[in-house]
Structures are given as structure tokens and as C-alpha cells.
Amino acid sequence: MRVDLSKIEKHPDAANLLLRLDFEKDIKQILVFLKDLGIEDNQLGTYLTKNYAIFSEDLENLKTRVAYLQSKNFSKAHIAQMVRNAPFLLSFSVERLDNRLGFFQKELELSVKKTRDLIVRLPRLLTGSLEPVKENMKVYRLELGFKHNEIQHMITQVPKMLTANKRKLTEIFDYVHNVMSIPHHLIVRFPQVFNTRLFKIKERHLFLTYLGRAQYDPTKLNYISLDKLVSVPDEIFCEEIAKASVQDFEKFLKTL
């Protein structure tokens, strides 16, 4: 299984738990359950290193939690994916899971399907703290000035925006909106910009400004979208957008 014992040993209660367990009665049935769920042999070690405490869970409780997720139309493949990406998911009660799903559906005013899709893509929303989520929702609305439907669109495209670092969000928005003069509705079209490193945005914008090509208005000629600005590798950025060589770009960066 390749369980990383060095990581488990850092938890003082881990050794006591594992010593108390009976392989046939406790460990084997949980392993069979996880494999039936869709956790592959080569994934078990990583999973158990993070959540060895699952061996202390009652098997029927685990099955009940899976049944609950299935009742909410999460497919077996999606549940396996969610458990892999959020190892503590099945350690939470049905009541907790239900409250969390209800929170996101109500707070974000999403349809049942969009809520489900959001959770599949970022299952840690069910297990992590809600404080960063609540804080970021306020930031988007009150500090950055996005409308509710714009926030809905962005988080369904980029779920990590719900848990992203507040300082990073505000710094990127400040630069893109106030320095590059890109309006809200164009940022909404490409919310992946919030997943980009700020220095990358700055470097490329300053290079385009130096070349006289920093044109982000879609109603004018030679329009450059945020998508093209940040999502392509340097070679394509230089050749297709900046119309310059990578060497020219590298020389320019040395002047910053």
C-alpha cells in the first residue's frame, strides 16, 4: 500500500489507534470498502497516509455517507474522485455534508446541478472551513465590485476562487482593473486570471506596453484578451501576441 509511516508517526494518537486495530475485523473491511468505492491500489497508500483515522470509523456510517452522496446524484466515479481529492470527506456526518451542500446552494444561489458540479471539482469545500469562503464572497461583492451573477459565473468556472488567498485576489484585481484598465465584464469572461501569478501578468503587460501593443478593448483593432495574455507559454505569447522574439522578451525583463 506504500503508506508513509513517517508522516503518520507525527500524530501522537496514530500509533495507539493502529496498535488497537485488528487486521481482519477493522483494517481489512475498510480496505475492501475503499477499493469498492473506486480507490485504486496505487492510491490507497497516499489516501491512508492522510486519513489513517478512517480505520476508527464505523463501516456502516461510511456506507451511509456514500449512500447519502449517491442520493444527491453524485455518481460513483465522482464520489471516488471527491474522496481522493478530499481524504477526510467520509469522516464527516451526513448532517454535516447536507448542511454544507445546502450552504453553497443557498449562499451562491446555484442550481442543484451547478452546486454538485462545483463540489465535484473542489470537494474540500465540504470539509474545510467556511470562513475563507464567506470572506471571499464579501471581497468580490463589496471590495472588488462584482455583481452577484458575475460572482456565480466566475466561481463555477474557477471554484478555487472561493478559497483563494484574499491578498492575492485583491492585488491581481487592482492591477488588471486599475492599471491595465480592464473592466469587470471582461475579467468575468476569463476568471482564470485570478489563478495566475501577478508577476507574470505584470511582465507581459509591461512588455506589450513597451511595444505599443497593450490593447485590451475588444471594440478596437489588435485586441488582446486576458485569456491570450496569461494562458499561453512564452513562445506563443511572443510570436503571436507580442510579435517579438523570446530573446527580446528576456532582454526586456532584465530591464525591470
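Colleague: Which residues of α11 meet α13, and which residues does His205 touch?

Modeller: This is a predicted model, in which local features need a pLDDT of at least 70 and side-chain atom pairs count only at pLDDT 80 or more, while totals for chains, interfaces and linings use all residues. Residues are numbered from 1 along each chain as its sequence is written, and side-chain values use heavy atoms, with hydrogens and water left out.

As a setting for the part in question, the protein chain has 16 helices and zero strands, where helices (H or I, at least four residues) and strands (E, at least two) are DSSP runs numbered from the N terminus. Of its 256 residues, 43% count as buried; buried means under 20% relative accessible area, exposed over 50% and partly exposed in between, with a 1.4 Å probe and protein chains only.

Helix α11 (residues 166-179) packs with helix α13 (residues 198-211) at an angle of about 20°, their axes being 10 Å apart; these axes are lines fitted to C-alpha atoms, for helices over the stretch in contact, and angles run from 0 to 180 degrees between N-to-C directions. The two helices are therefore roughly parallel to each other, a term for angles under 35 degrees.

On the α11 side, Glu171, Ile172, Tyr175, Val176 and Val179 meet Leu198, Ile201, Lys202, His205 and Leu206 of α13, contact meaning heavy atoms within 4.5 Å. By class these residues divide into seven nonpolar, one polar and two charged, where Ala, Val, Leu, Ile, Met, Phe, Trp, Tyr, Cys and Pro count as nonpolar, Asp, Glu, Lys and Arg as charged, and the others, Gly among them, as polar.

Leaving aside residues up to four places away in sequence, His205 touches Tyr175, Val179, Met180, Ala214, Tyr216 and Leu229. The side chains of His205 and Tyr216 are joined by a polar contact of 2.8 Å, that is, a pair of N or O atoms within 3.5 Å of which, within protein, one must be able to donate a hydrogen and the other to accept it, residues adjacent in sequence counting only if both atoms are side-chain atoms. His205 and Ala242, 37 residues apart in sequence, are 9.9 Å apart in space, C-alpha to C-alpha.

Helix α11 also packs with helix α9 (residues 131-143), again at an angle of about 20° and with axes 10 Å apart, and α9 and α11 are therefore roughly parallel to each other. Here, however, α9 passes α11 in a right-handed crossing. Glu135, Asn136, Val139, Tyr140 and Glu143 in α9 meet Lys166, Leu169 and Thr170 in α11, a contact with three nonpolar, two polar and three charged residues.

In the loop between α11 and α12 (184-189) sits Ser181, whose phi is near 60°, a positive value in a residue other than glycine; with a relative accessible area of 56%, Ser181 is exposed.

Terms used:
Parallel < 35°, antiparallel > 145°, perpendicular 65-115°, else oblique. Left-handed = near helix turned anticlockwise from the far one by under 90°.
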